[in-house]
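Please read them with the model open.

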Amino acid sequence: MAYYRPPGPPADPLIVRELTQLQDTMRAEVRLEPLPHAPAFIAGCDSSFPTPDTILSVFVVLRFPSLELVEKVYHTSAVTLPYIPGLLSFREAPNVLLAYEKLRQKPDIIMVDGHGIAHPRRMGIAAHIGVMLDTPTFGVAKQKLTGTFQEPAPTKGSISPLTDRSGELLGEVIRSKDKVLPLFVSPGHRCDQATATRLTLACLRGYKLPEPTRLADHWAEEFKKELR
C-alpha cells in the first residue's frame, strides 16, 4: 500500500482510543491456518492516494498457478480519516471493501500490498481486510514495519525469519530477485506463514514483486489516468 502521510496536528485521542480498541477486537478474530486446498484464483490488492483527499483501491484476480489475468476493478472514495500511525488500515479498508464488491470472480485468497501480522499490534491491512471479509489473506510489503531479521542471502528464493523481541515469528523476509531488496511476507487471516511464503514464491515471474501485487500496482497507474 502506498501510504500518504500528510502533515498536520495529532489525531483526536478519542478516535485513536476507539480505533485501537476495535483493532484489538479484530485481532482476536485472526486465525492463522493453512488453506484447505490449493487456490484456483488469487487476487492482488493495492491502494494509493492520487490526491491528499482521494484513495484508489485496485483488485486484480488471476488464475492460479498460470497467473492469467481474469479480472481487474477499482474504486475511489474521499479520504475520511487522518493519517494515524499504526491505524492506517482504517484509512484504507472501507474503500478496499467497496472495490472488492465489484469483483465478479471472488478469489480463494488475497495477496495484499502491505503487512499481515507483521505489525506492532499484529493487525496490518492484510489482516484487517481478511477479518472484515472472512477471507484468506496475506501481506507482501516492500518495507519492514516492525521486527528484526538477518539479511537473507543475495540470491532469489533466499529467506530469513522476521521476529519480535520475544522471538515470535511475524513473517519471513524473502529475496524475490537476485541482488534486490527483499520483501516482507506475513499471514493475514485464514492463512499461515508457510502458505504465504509458498504462494509468494509461486507468483514470481522475474520481477521483484509477485504478479498479483505487481499487476495491481500496474493497473492502479492505468486507472489513475482515467481519473485525470
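1. R190 is partly exposed, with a relative accessible area of 24%; buried means under 20% relative accessible area, exposed over 50%, and partly exposed in between, with a 1.4 Å probe and protein chains only. R190 sits in the loop between β8 (183–189) and α4 (193–202). Its phi is positive, about 55°, although R190 is not a glycine.

2. On provenance: this is a predicted model, in which local features need pLDDT of at least 70 and side-chain atom pairs count only at pLDDT 80 or more, while totals for chains, interfaces and linings use all residues. Residues are numbered from 1 along each chain as its sequence is written, and side-chain values use heavy atoms, with hydrogens and water left out.

3. Two further backbone items deserve a look. R122, in the loop between β4 and α3 (125–133), has a phi near 65°, again a positive value in a residue other than glycine. The peptide bond joining F64 and P65 is cis, with omega about 15°; P65 belongs to the loop between β2 and β3.

4. The protein has five helices and eight strands. Helices (H or I, at least four residues) and strands (E, at least two) are DSSP runs, numbered from the N terminus. Read from the N terminus on, the elements run α-β-β-β-α-β-α-β-β-β-β-α-α. The radius of gyration is 17 Å, close to the 17 Å that the globule rule gives for 228 residues, so the protein is as compact as a globular protein of that length. That radius is taken over C-alpha atoms, and the rule is 2.2 Å times the number of residues to the power 0.38.

5. Eight strands form an open sheet of mixed pairing, in the order β3-β2-β1-β4-β5-β8-β7-β6; two strands pair if DSSP finds at least two bridges between them. At the edges are β3 (69–78) and β6 (159–163), each pairing on one side only. From one strand to the next the twist averages 25°. Axes here are lines fitted to C-alpha atoms, for helices over the stretch in contact, and angles run from 0 to 180 degrees between N-to-C directions.

6. Strand β2 (residues 54–63) pairs with β3 in the antiparallel sense over nine bridges, and V58 stands opposite Y74 in β3. Helix α2 (residues 88–101) lies across β1 (41–51), β2, β3 and β4 (109–113), at about 45° to β2.

7. S57, found in strand β2, is buried, with a relative accessible area of 0%. The side chains of S57 and S47 are joined by a polar contact of 2.7 Å. A polar contact is a pair of N or O atoms within 3.5 Å; within protein, one must be able to donate a hydrogen and the other to accept it, and residues adjacent in sequence count only if both atoms are side-chain atoms. Beyond its neighbours within four places in sequence, S57 is in contact (heavy atoms within 4.5 Å) with residues including D46, V73, E92, N95 and A99.

8. G171 belongs to strand β7 (residues 169–174) and is buried, with a relative accessible area of 0%. Neighbours within four places in sequence aside, G171 is in contact with P161, L162, V185, S186 and Q193. The C-alpha atoms of G171 and P154, 17 residues apart along the chain, are separated by 18 Å.
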